[in-house]
Amino acid sequence: MSNSSQALSPVLPLTSFSNVLMFLFNILLAATIIFLNVSVSLAILLDGALRGENRFMYMLSTCLSDVCTGVSYYYAGVLDVRDSFDSPTRTYYIVPTFLGLSYMAILAAQADRYHAVVSPFKYSQRMTRNRTLLVILACWVYAFLIVAANNLVTIGVAKRITSFGSLVGNILTVIIMIGLNIQLFVIARFHLEREPPSEERDSKRSSVYLILVVAVFFLGTWLPIFCHVIVCNFFGTTCYTFKNEGTDPLRILPRVNAALTPILYIRGCSGLRATLLARVWRPRCGGVGGGKRVMARC
C-alpha cells in the first residue's frame with residue numbers, strides 16, 4: 001500500500017451530510033464484517049463437533065478471508081483509494097484476493113455438499129479432514145501465487161494476465177456455481193424428500209439448503225461486478241469508473257456479501273448458532289440447554 005498523502009484523506013471530503021454518511025457507512029460495514037466473521041470463526045474453532053465436519057472448514061475459510069476483507073476495507077473503503085495497477089494508492093492486488101478467496105471457498109463448499117449427498121460412501125472415503133484442509137490450503141496458495149505473479153511482472157503484462165484470467169475465470173466459475181445450485185436444489189427438493197424421515201436426512205437437507213442460500217446471495221452481490229468486468233474485457237473498452245473503491249457500488253456489494261454470509265451461517269445452522277450464543281457472545285451464561293452438547297446440524 002502506498003504511503004502517498006492521498007491514502008490519508010477520507011473516501012469523500014467531509015464537507016456535506018451525505019459525504020459524512022458515506023464515510024460512516026464504510027466504517028460500519030468494515031466493523032460489521034470483522035465482528036460477524038470473527039464471531040463465527042471463534043464458534044467453529046471452540047467446538048470440536050463443528051471442527052470435525054468438512055463443511056465447517058469451508059465456512060471457517062470463508063470467514064477468515066472475509067475478516068481480512070473487513071480489515072483491509074478500513075484502507076480500501078474508508079480512505080480515498082483507487083485499487084488499480086497504476087494507482088499510487090493500490091494494494092498490489094492483495095485486497096481483491098481476499099474477496100476471491102471467499103468466492104473459491106463457497107464454490108468448493110458447493111462441490112463438497114454435492115459430492116457428500118450424491119455419493120456419501122465415496123465421499124466419506126475420499127474427503128477426509130486432511131484432504132479437505134489441503135483443498136482449502138491449495139486455494140489460499142494459488143491465490144497468493146497469482147498475487148506474486150502480478151507483482152513480479154510489468155504492469156502491462158499484469159493487466160493482460162488479469163484481463164484474460166478475469167474474463168475466462170469469471171464466466172466459467174459463474175456457470176459452474178449456477179449449475180451446482182440447480183443440481184443441489186433438485187437434490188434437496190426431490191431426492192432427499194424420498195428418503196425415510198431421519199435426523200441424517202434432515203441434516204443433509206439443511207446443509208444443502210444453507211449452501212444454496214449462501215450461493216444465491218453471493219451471486220446476487222457479485223454478478224453486477226462480474227458482468228461489468230466481463231463486458232469491459234470482452235469489448236476492450238474503458239468502462240465508467242468511480243472516484244474510488246469506497247464510492248463504487250459494484251465494489252461495495254461484495255463487501256456487503258462478506259457481512260451477509262456469516263449471518264446466513266448463523267441463521268441456517270442450529271449447532272453453530274448454539275455454540276456462538278453459549279461460548280462466544282454469552283460466555284458467562286453457563287451455556288445453552290444446561291450445558292448439553294448441541295448437534296452440529298445445518
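1. Helix α3 (residues 54–76) packs against helix α4 (residues 94–118) at an angle of about 165°, and their axes lie 8 Å apart. Axes here are lines fitted to C-alpha atoms, for helices over the stretch in contact, and angles run from 0 to 180 degrees between N-to-C directions. Helices (H or I, at least four residues) and strands (E, at least two) are DSSP runs, numbered from the N terminus. The two helices α3 and α4 are therefore roughly antiparallel to each other. Angles under 35 degrees count as roughly parallel, over 145 as roughly antiparallel, 65 to 115 as roughly perpendicular and the rest as oblique.

2. The model is predicted: local features need pLDDT of at least 70, side-chain atom pairs count only at pLDDT 80 or more, and totals for chains, interfaces and linings use all residues. Residues are numbered from 1 along each chain as its sequence is written, and side-chain values use heavy atoms, with hydrogens and water left out.

3. Which residues of α3 and α4 meet? On the α3 side they are N54, R55, Y58, S61, T62, S65, D66, C68, T69, S72 and A76. On the α4 side they are V95, F98, L99, L101, S102, A105, I106, A108, A109, D112 and R113. Contact means heavy atoms within 4.5 Å. The residues in this contact of α3 with α4 divide into eleven nonpolar, seven polar and four charged. For these classes, Ala, Val, Leu, Ile, Met, Phe, Trp, Tyr, Cys and Pro count as nonpolar, Asp, Glu, Lys and Arg as charged, and the others, Gly among them, as polar. The crossing of α3 past α4 is left-handed, a term used if the near helix is turned anticlockwise from the far one by less than a right angle (right-handed if clockwise).

4. Helix α3 also packs against α9, at an angle of about 140° and with the axes 10 Å apart. That angle makes α3 oblique to α9. Here too the crossing is left-handed. From α3 the contact takes M59, T62, C63, D66, T69, Y73 and A76, and from α9 it takes I252, R255, A258, T261 and Y265. By class, the contact of α3 with α9 has seven nonpolar, three polar and two charged residues.

5. Helix α9 (residues 249–268) has a contact with helix α1 (residues 17–46) as well: their axes come within 9 Å and cross at roughly 35°. α1 passes α9 in a left-handed crossing. In α1 the residues are M22, F25, L29, T32, I33, L36, N37 and V40, and they meet I252, R255, V256, A258, A259, P262, I263, Y265 and I266 in α9. The contact of α1 with α9 has 14 nonpolar, two polar and one charged residues.

6. For the chain as a whole, the secondary structure comes to ten helices and zero strands. Buried residues make up 44% of its 298 residues. Buried means under 20% relative accessible area, exposed over 50%, and partly exposed in between (1.4 Å probe, protein chains only). Of the contacts with a separation of 6 or more, 78% are between residues 24 or more positions apart.

7. Helix α6 (residues 129–152) has 24 residues and spans 35 Å from its first C-alpha to its last, close to the 34 Å expected at 1.5 Å a residue. The expected span is 1.5 Å times one less than the number of residues. Its buried residues are T132, I136, C139, A143, V147 and N150.

8. Apart from neighbours within four places in sequence, A158 is in contact with F85, N150 and V153. A158 and I146 are twelve residues apart in sequence, and their C-alpha atoms are 9.8 Å apart.

9. R51 lies in helix α2 (residues 48–51) and counts as partly exposed, at 28% relative accessibility. Leaving aside neighbours within four places in sequence, R51 is in contact with I44, L45, L46, M57 and R129. R51 and R129 are 78 residues apart along the chain, with 9.2 Å between their C-alpha atoms.

10. Two residues in the loop between α3 and α4 deserve a look: Y92 and Y93. Most residues other than glycine have a negative phi. Phi of Y92 is near 55°, a positive value, and phi of Y93 is near 70°, also positive. Y92 is partly exposed at 34% relative accessibility, and Y93 is partly exposed at 25%.
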